[in-house]
Amino acid sequence: MSALWENKILTYKLGWKGFDYERIEDDLNEHGREGWEVVQTIIPSVGSGQSLEVAVVMKRPASP
């Protein structure tokens, strides 16, 4: 039987002063304590390659 996973996507928008890396780190630490693990980031770009948003894909084993 294959493992079942619960998935979550966190998104962060580019702010006036760039990305709020402290908030991102705090969120990742909080979710890590809850058993979430980052598996990928998605950074779409627009125009000349500027990113307006970062998405963090996370997973953890599903509850039975």
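Modeller: The account below begins with the sheet and then turns to charged residues. The model is a predicted one. Three strands make up an open sheet, and their order across it is 1-5-2, with antiparallel pairing. The edge positions are taken by strand 1, residues 5–13, and strand 2, residues 37–42; each has a single partner strand, so one side of each is left without a neighbour in the sheet. From one strand to the next, the twist averages 25°. In general terms, the strands of a sheet pair through backbone hydrogen bonds, in either a parallel or an antiparallel manner.

On one side of the order, strand 2 and strand 5 (residues 53–61) run antiparallel and are joined by five bridges. Within these strands, isoleucine 42 stands opposite alanine 55 of strand 5.

Glutamate 6 and arginine 60 form a salt bridge, in which the closest N and O atoms are 3.0 Å apart. Because glutamate 6 belongs to strand 1 and arginine 60 to strand 5, this pair ties together parts that are 54 residues apart in sequence. Over the whole structure, a search finds three salt bridges.

Asp20, Glu22, Glu25, Asp26, Glu30 and Glu34 form a negative surface patch. One of these residues, glutamate 25, is found in helix 1, which spans residues 21–33.

Notes: Residues numbered from 1 in each chain as written. Predicted model: local features only at pLDDT ≥ 70, side-chain atom pairs only at ≥ 80, totals over all residues. Heavy atoms only, no water. Patch = residues over 30% accessible without salt bridge, like charges linked within 9 Å, V, L, I, M, F, W, Y side chains within 5 Å. Areas by Shrake-Rupley, 256 points an atom, 1.4 Å probe, with all protein chains shown as cover. Salt bridge = Lys/Arg side-chain N within 4 Å of Asp/Glu carboxyl O. Lys, Arg positive; Asp, Glu negative; His and termini not counted. Charge placed at Lys NZ, Arg CZ, Asp CG, Glu CD. Helix = DSSP H or I, 4+ residues; strand = E, 2+ residues; numbered from the N terminus. Pairing = 2+ DSSP bridges. Axes fitted to C-alpha atoms, helices over the stretch in contact; angles between N-to-C directions.
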